[in-house]
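I am keeping these notes while I look through a structure step by step. I want to go from the whole chain down to single residues.

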Amino acid sequence: MLELRPTCERCYKELPPESTEAMICSFECTFCISCVEKYPEKKCPNCGGEFQKRPIRPKHLLEKFPASTDFFFKPRD
Ligand SMILES: [Zn+2]
Ligand SMILES: [Zn+2]
């Protein structure tokens, strides 16, 4: 299940679960769409993977499966 991380790892922009600007790679490195546009070939700077738009979890399921609130910024190596 996706964590639905709350912020862009690069610019700290808030990316709430209903955000249409959230992009994730297969490891769920999470960036806003404007940061993704700045990376060469729009590849993830952490793992080199491709980005996809993060799907929006329906509201009624968010109550049962809440989004992560862990603040996450520093890219891992
Ligand atoms: Zn950003
Ligand atoms: Zn990644």
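Before counting anything, I wrote down that a residue is called buried if 20 or more other C-beta atoms lie within 10 Å of its own. I also noted that this is a predicted model, and then I looked up the share of buried residues, which is 23% of the 77 residues in the protein chain.

Next I turned to the overall make-up, and I found two helices and three strands in the protein chain. For the extent of the C-alpha trace, I noted a span of about 35 × 20 × 20 Å along the principal axes.

I then looked at contacts between residues at least 6 apart in sequence, and 49% of these join residues at least 24 apart.

In what order do the three strands lie in the sheet? I found an open sheet with the order 2-1-3 and antiparallel pairing. Strand 2 (30-32) and strand 3 (52-53) are at the edges with a single partner strand each, so one side of each has no neighbour in the sheet. As a reminder to myself, strands of a sheet pair through backbone hydrogen bonds.

Last, I checked one pair in detail: strand 1, residues 22-24, is joined to strand 2 in the antiparallel sense over three bridges.

Note on methods:
Residues numbered from 1 in each chain as written. Chains lettered and ligands numbered in written order. Predicted model: local features only at pLDDT ≥ 70, side-chain atom pairs only at ≥ 80, totals over all residues. Pairing = 2+ DSSP bridges. Helix = DSSP H or I, 4+ residues; strand = E, 2+ residues; numbered from the N terminus. Buried ≥ 20, exposed ≤ 12 C-beta atoms within 10 Å, placed from the backbone. Contact = placed C-beta atoms within 7 Å.
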